[in-house]
Amino acid sequence: MNIKILTPEHVVFEGEVNSVLLPGKNGEFHIMKNHAGIVSSLINGKVKLFVNSVDETYTKNFTRENEKDSVFSYPIKSGVVEFNHNKGIILCE
């Protein structure tokens, strides 16, 4: 599935991921391939990408959660996610 993460300043990430874990108002939620369409607000926390690799263009934006798994995180203050037909966009600050 394709995910794009945008801030007012720049594109944080754009590419294929296995899944994404997001900090929602009512708790974290996980979006996986073929997930139902969703629009949700996001709160302060970390966006975690479960991905085979992150392009060098975007690695400076992320912290690798651990060496064993390919989980990369990006801290946000707030935002919104829209996901439909295996394409998602995360607008955040």
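Modeller: Here are the nonpolar core and the salt bridges. This is a predicted model: local features need pLDDT of at least 70, side-chain atom pairs count only at pLDDT 80 or more, and totals for chains, interfaces and linings use all residues. Residues are numbered from 1 along each chain as its sequence is written, and side-chain values use heavy atoms, with hydrogens and water left out.

Biologist: Which residues touch the most other members of the largest nonpolar core?

Modeller: Ile 3, Ile 5, Val 20, Leu 22, Leu 49, Phe 62 and Ile 90, out of 24 residues. Such a core is a set of buried Ala, Val, Leu, Ile, Met, Phe, Trp, Tyr and Cys residues joined through side-chain atoms within 4.5 Å. Buried means under 20% relative accessible area, exposed over 50%, partly exposed in between (1.4 Å probe, protein chains only).

Biologist: Which element gives the most to this core?

Modeller: S8, with three residues. Strands are DSSP runs (E, at least two residues), numbered from the N terminus.

Biologist: New topic. How many salt bridges are there?

Modeller: Three. The rule is a side-chain nitrogen of Lys or Arg within 4 Å of a carboxyl oxygen of Asp or Glu. Glu 14 pairs with Lys 4 at 4.0 Å, N to O. Glu 14 is in strand S2 and Lys 4 in strand S1, ten residues apart.

Biologist: Which residues are linked in a network of salt bridges?

Modeller: Lys 46, Lys 48 and Glu 65. Glu 65 meets Lys 46 with the closest N and O atoms 3.8 Å apart. Glu 65 lies in the loop between strand S7 and S8 and Lys 46 in strand S6, so this pair ties together parts 19 residues apart in sequence. For Lys 48 and Glu 65, the closest N and O atoms are also 3.8 Å apart.

Conventions
Helix = DSSP H or I, 4+ residues; strand = E, 2+ residues; numbered from the N terminus.
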